[in-house]
Protein chains: 2
Amino acid sequence: MLIEDRLKELRDKINERVPSGIRVTEVEFEGPELVIYTDDPKRFADEADLIRVLARDLRKRIVVRPTILEDPEKAANEIRAVVPDSSGITDIFFDADTGEVLIEAEKPGVVIGKNGITLREITKHIGWTPKVVRTPPIESSTVKQVRQYLRSVNEERKTFLRTIGRRIHRDIPGRDETNKDAPRKDQWVRVTTLGCCREVGRAAFLLTTPDSRVLIDCGEKPDNAGGTPYLYVPEIHPLAQLDAVVLTHAHLDHCALIPLLYKYGYEGPVYSTPPTRDLSAMLQLDYLDVINKEDRKIPYSSNEVKTYIRHSITLNYGSVTDIAPDIKLTFHNAGHILGSAIAHFHIGDGLYNIAFTGDFNYSKSRLFNPAINQFPRLEALFMESTYGGSNDFQPARSDAELKLYETINKVLSRGGKVIIPAFAVGRSQEVMLALEEGMRLGKIPHVKIYLDGMIREATAIHTTYPEYLNNDLRNLIFREGMNPFLAECFQQVDSSELREKVINGDPCVIISTSGMLNGGPVMEYLLNLAEDEKNALVFVGYQADGTQGRRIQKGWREVPLGRKGTITINLEIDTIDGFSGHSDRRQLMNYIGQIQPRPEKIFCIHGDENNTIDLASSIYKRYHIQTHSPMNLETYRMV
Amino acid sequence: MLIEDRLKELRDKINERVPSGIRVTEVEFEGPELVIYTDDPKRFADEADLIRVLARDLRKRIVVRPTILEDPEKAANEIRAVVPDSSGITDIFFDADTGEVLIEAEKPGVVIGKNGITLREITKHIGWTPKVVRTPPIESSTVKQVRQYLRSVNEERKTFLRTIGRRIHRDIPGRDETNKDAPRKDQWVRVTTLGCCREVGRAAFLLTTPDSRVLIDCGEKPDNAGGTPYLYVPEIHPLAQLDAVVLTHAHLDHCALIPLLYKYGYEGPVYSTPPTRDLSAMLQLDYLDVINKEDRKIPYSSNEVKTYIRHSITLNYGSVTDIAPDIKLTFHNAGHILGSAIAHFHIGDGLYNIAFTGDFNYSKSRLFNPAINQFPRLEALFMESTYGGSNDFQPARSDAELKLYETINKVLSRGGKVIIPAFAVGRSQEVMLALEEGMRLGKIPHVKIYLDGMIREATAIHTTYPEYLNNDLRNLIFREGMNPFLAECFQQVDSSELREKVINGDPCVIISTSGMLNGGPVMEYLLNLAEDEKNALVFVGYQADGTQGRRIQKGWREVPLGRKGTITINLEIDTIDGFSGHSDRRQLMNYIGQIQPRPEKIFCIHGDENNTIDLASSIYKRYHIQTHSPMNLETYRMV
């Protein structure tokens, strides 16, 4: 069926269900949503159940937009009249192309009202579709820039969303177009491993059916060698024919090379949660900056990061979304970092279900709830195996925090400084929360905790998306008004002068990127502080093979830094396990033990060779599930 | 290094080794060969060891051609003067583009002379490079047409060979061209299964390295549904970037769709043995004819068969040949049908060795020697599993022949006719030889044996390439002058009148194609003879799932034939095992037991699902070799 005919059919069905008098002027696919344009959004909004019923019957995500929009200034006044002052509205933006008004408020719940009543009231009065976002307690320049940029490319984005919408809802031909005599094409589901197998880094998996092609993640290998996924193999080309890129979370080993896809000809959407979009843009720009400073050749420019943002489509946890004619995507909390998701794909009409965990944590952390392991259906699971080895047990977080306090007390008391390399996103915030509490409860002395790199900005993004934090932390911040990230012990280092001061100053704690010592400001601290044995370098995160972090952890005492010379390591080296955002061996095994439903096949990826093989074989032995430890560049047939 | 520089380097090396006075005018890659043009081919030919030494030192296949060629008429006279009359020269063709003269003789050995002395003598006298081929005892119109066609496109073919030659000898970049900062590209070897896994038919395997891509076979599925390999998946595209297609043997389930590749944009060579080239062209044209007669849509036209022939490059068993910058191909006897080969690939500089058996027979047959299973090196083997099931034991050939004689005696004595459906190539000739001997030795009565379909033509091709038959048969034909294929009991059916006569005539034996009753003249016989229970249908070959042959074998008594109506089966149905060109279960297991060296990995393909799984698991249990029974559309990493 032609897409126009399909839209006509949908419009007819909608008109059947819409009470007489409400005129539907246009029906259009925009991205994964079906947008209904009407002269009468007020009455549409009045029919509380109408949109829900349409969504259920048409099996589409429905958005209603007014055909004619009210004057923005007048509309803004009406919004302020309807919404209680207690909402703390900080800004109102009108987006003429989507007919949306973005209301930024300190208390979005008040703008929305109970069961959305205030929001519907707004819609009734102004025509514009209100979207409510929280005013970040710490202003994030990234979030601000992303939102401003998206507004500035409104026109282009609308065209893009319509193109994608029509592509998602295209007809699947019932037969092989290359051979019209052939019977209906075989159905199949395949996964091609383009990276991240028997290694940590350069995550990239290609999920294909006869009709669709989806890339999951596109990261770099954190070994300073510029290792990229196997993007040159024909399986993934032409990139313009990919239906979707799905990003599980914002760490660089999963997201760094997504902008490169646009340089190589990709034109489609990148699906992620909203925090993942913002965090990944921030980290990609920082990544370019780090590479540039090291005189390495940058793989793409900030223009491609913009292109990525322009093509991003965000989905919240639990929202079942068509991303290709035969594939529905749902994100579930992965507990690893802010916005991290397990990507669940429902393929065909009940044909197959496959999930990619991305990185996940199956225990509750200071920031997040444990990863989800209940799915409506699941036949195959690609799971990370970072700590999949039979001895990879991590201590409890409380023990880890105790050990961190002890180490800090010891180093500070001898007049030393503590350097904690950490990913800007995830580990840094966990350690900040532990240190803030330790200081508040008197377990460690009151010293400055310097944050260098993107840590503060990352923290700002965390407070922009409180719904992605766990209940305890959310309550602490928003109910009890106690935001530990704003504690005065923290100080951002944002100039080389201040960095020099810190280096030459009093005993302190320095949390700095990169987390595996492959570049970033932490190298500056190391260069200046490593020779003094009073100081300490404390690893709180996983150090991948090939990184300087792993080398120092293994005992190297001379670390070559290229033209910057060589660092002589005299300072104390500590590794404090237990802060990881990854599940340890026990949790990985428990995750599978408790997963519902139990999949038929499990692929252990994202781990050193020994760990993936060990985990695969242990799961098979314990649970009698077919397991694999794939190599890169293989293709597995699921069905 | 640029190809011009490489050729210059080779020319310098050649000049160093060539005695002073011999002038080398040009050095050029033509297909897999390095061609040395010289003013003085006579002196080159005098230096008996020179070409051998050059080939060894340069690790290239060397051909020497004269820069200036003698007048063809004069040269022909000189050839006749040098070659003894006993050679029985039947024709001499001059090919100005390659500088070759094709001498067709009844006794090619006499033209060549002991250790090639006569041939060198010819070269000395005429400049032209002599190539000697045997005058077929039965003239094959296919062979004649192929040779004439190739001569007619000389010019184009020379350009093609030079293009391919330069492509084969191109530089392998030491790094990923998409990322010049990256370290030397990983080395890997992969195989993608595009068909023929857990099924019989549509053989197609893609062998890839970072630098090269080779397709092995491209056949149809013999189930009348037009099943093709998965040629639409991106792995194989663009087809123009394939380095080579390698054809193991001429059966349609391996070769039928090779011409289609040219329709889809392939421009490279197809490597096969010389008989495989001729047999496959014959069978492809017949295939188009059969499809056309059945009013099905033909997938390509005879033009594409010509294109295939124009792009074919033939190699004899044992000839180690560069087919890509990092891949050398060697064909070895597979014992299955005329020219059938096991394709052995040596990849990289000792990196990996992998062989594809194609179809093979590990016992000596009336026609062929047993398949080779000794290789210089071998890490992985893709082996056929047609009779791989644990109960797939075939009787000895002598028992099978005895049973065939019994059946024929029984049917003839009750006044019936015996229909033997058989592949034109392979089974037909085996059965012909058995029947001729049976008749000669008085084991069956002297009746006519009618050959319908391409059988006689296929037989003619067999006698064109006696070096591909086993010693016994070759001696019988060429030393003892007794050609059983010429026995007077055989009569070709070449008109519908004669076919009608046969149907209405005396008791007889009819050998006719197709071998699995999926079309061809055998259907005409069945349509007219199936209702009479005096007659018999005798299966001597494998019947694949989905074919009419398999249905009748399983006991169907009503066979729908589309618009031709329905055949009611009353005639006797017999299956005589033991004529198969395939190894049975015992031979498959023995093949692996005796293979040298023992591979690390074995992939069981080309068999029903149960058979491939059973064989894979049995080989693993018996020999502790890692085995797989792949599915279609998977990619396995070898290294």
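This is a predicted model: local features need pLDDT of at least 70, side-chain atom pairs count only at pLDDT 80 or more; totals for chains, interfaces and linings use all residues.
Local features need pLDDT of at least 70, side-chain atom pairs count only at pLDDT 80 or more, and totals for chains, interfaces and linings use all residues. Side-chain values use heavy atoms, with hydrogens and water left out.

Chain A is assigned domain 1 (1–68 + 153–170), domain 2 (84–135), domain 3 (187–390 + 583–637) and domain 4 (397–575), with bounds taken from an automatic or database domain assignment. Over C-alpha atoms, the centres of domain 1 of chain A and domain 4 of chain A are 49 Å apart.

Rings of Phe, Tyr and Trp (its six-membered ring) pair if their centres lie within 6.5 Å; planes under 30 degrees apart count as stacked, over 60 as edge-to-face and the rest as tilted. This gives 30 aromatic pairs over all chains. Tyr262(A) and Tyr266(A) form a tilted pair, because their ring centres are 5.2 Å apart and their planes meet at 45 degrees. Elsewhere, ring pairs join Phe205(A), Phe345(A), Phe356(A), Phe382(A), Phe603(A) and Tyr636(A) into a cluster.

A charge sits over a ring if NZ of Lys or CZ of Arg is within 6 Å of the ring centre and within 35 degrees of the ring normal. Arg151(A) lies 3.4 Å from the ring centre of Phe93(A), over its face.

Notes. Residues are numbered from 1 along each chain as its sequence is written. Chains are lettered from A and ligands numbered from 1 in the order in which they are written.
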